[in-house]
Amino acid sequence: MKLHTREWGTGDRIAVLVHGIMSDHRTWHRVAPALADKGYRVIAVDLRGHGASGRGEYGAEIWADDLVETLPHGPQLAIGHSLGAMALALAAERLAPERVVYCDPAWELRRDLDLVARSFAEAKHVNRAVIEHFNPRWDAADVEIELSTLADWDPATAHALPEAYAVGRTPRRPVAPSLVLLADPSDLVSPELEGELTRRGFTARTVPGAGHSLYRDDFQGFMGALDGWI
């Protein structure tokens with residue numbers, strides 16, 4: 001599927017951005033212009049089932065295949081968040097980015113996957129007060145964007161999670177120099193997994209005090225953690 005995209009900047013270098021579940025390209029509203037200011041042409045997708053992209057069958061490999069179908073080959077930088085980091089990792093060898101950043105990646109979900117799927121699907125209808133309660137560090141713009149992206153999100157994507165995570169999705173090796181940025185603490189990447197990633201050749205950094213949505217909790221801290229990678 002050719003995905004809906006949004007672009008910023010006209011630089012010679014290309015950066016691609018892949019959001020997490022329940023979100024879309026709008027989640028990058030501060031990150032994308034900052035990268036454009038650094039000389040990138042930035043391309044952010046709406047994953048299948050999200051934003052203005054089409055609906056259809058959902059699954060880990062399907063989301064990855066859509067990225068390969070949509071994005072240019074060989075971008076200088078690729079950034080994926082959460083579910084988007086999982087899809088990006090599956091697509092990375094074919095996309096062949098020069099550098100990759102995985103933001104609090106959802107590579108391993110070892111909980112009750114059916115319960116996780118139901119919980120995500122029920123989040124479709126949360127209100128502003130709930131979003132503000134669980135994300136006290138977000139500014140007003142991020143809260144508004146979350147409400148809008150939830151309205152445009154197909155909750156059927158959540159029901160694909162049990163099958164998508166029936167197997168582990170942690171990459172065996174980085175296909176390009178790869179940075180893993182972690183929340184503090186991360187509910188998705190344990191200290192043991194972080195150590196294993198380092199042994200496999202990944203670079204791991206933490207954004208101190210940030211939750212799962214690193215770049216919305218602490219934008220300056222997130223950009224600072226990218227030092228040497230952008």
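Predicted model: local features only at pLDDT ≥ 70, side-chain atom pairs only at ≥ 80, totals over all residues.

**Overall form.** I compared the chain with that rule: for 230 residues a compact globule would come out near 17 Å, and the protein chain has 16 Å, which agrees. I then looked up the box that the C-alpha atoms fill, and along the principal axes it is roughly 40 × 35 × 35 Å.

**Fold.** I found 10 helices and seven strands in the protein chain. Among contacts with a separation of 6 or more, 73% join residues 24 or more positions apart.

**Inside.** I read off that 53% of the 230 residues are buried. Which residues touch the most other members of the largest nonpolar core? They are L67, L83, Y102, W107 and Y165, in a core of 52 residues. Helix α3, residues 83-95, gives the most to this core, with nine residues.

I followed L67 further. Setting aside neighbours within four places in sequence, L67 is in contact with L3, V18, V45, L47, A87, L88, A91 and L95. I also came across a second, separate core of 29 residues, which includes W8, V42, V101 and A225.

I noted an accessible surface of about 10000 Å², with 49% of it belonging to carbon and sulfur atoms. Last, I looked up the charges: there are 24 positive and 33 negative side chains, and the centres of the two sets lie 3 Å apart.

Definitions and conventions. Residues numbered from 1 in each chain as written. Heavy atoms only, no water. Core = buried A, V, L, I, M, F, W, Y, C linked by side-chain atoms within 4.5 Å. Buried < 20%, exposed > 50% of the residue type's maximum accessible area, 1.4 Å probe, protein only. Helix = DSSP H or I, 4+ residues; strand = E, 2+ residues; numbered from the N terminus. Contact = heavy atoms within 4.5 Å. Rg over C-alpha atoms; globule rule 2.2 N^0.38 Å. Areas by Shrake-Rupley, 256 points an atom, 1.4 Å probe, with all protein chains shown as cover. Lys, Arg positive; Asp, Glu negative; His and termini not counted. Charge placed at Lys NZ, Arg CZ, Asp CG, Glu CD.
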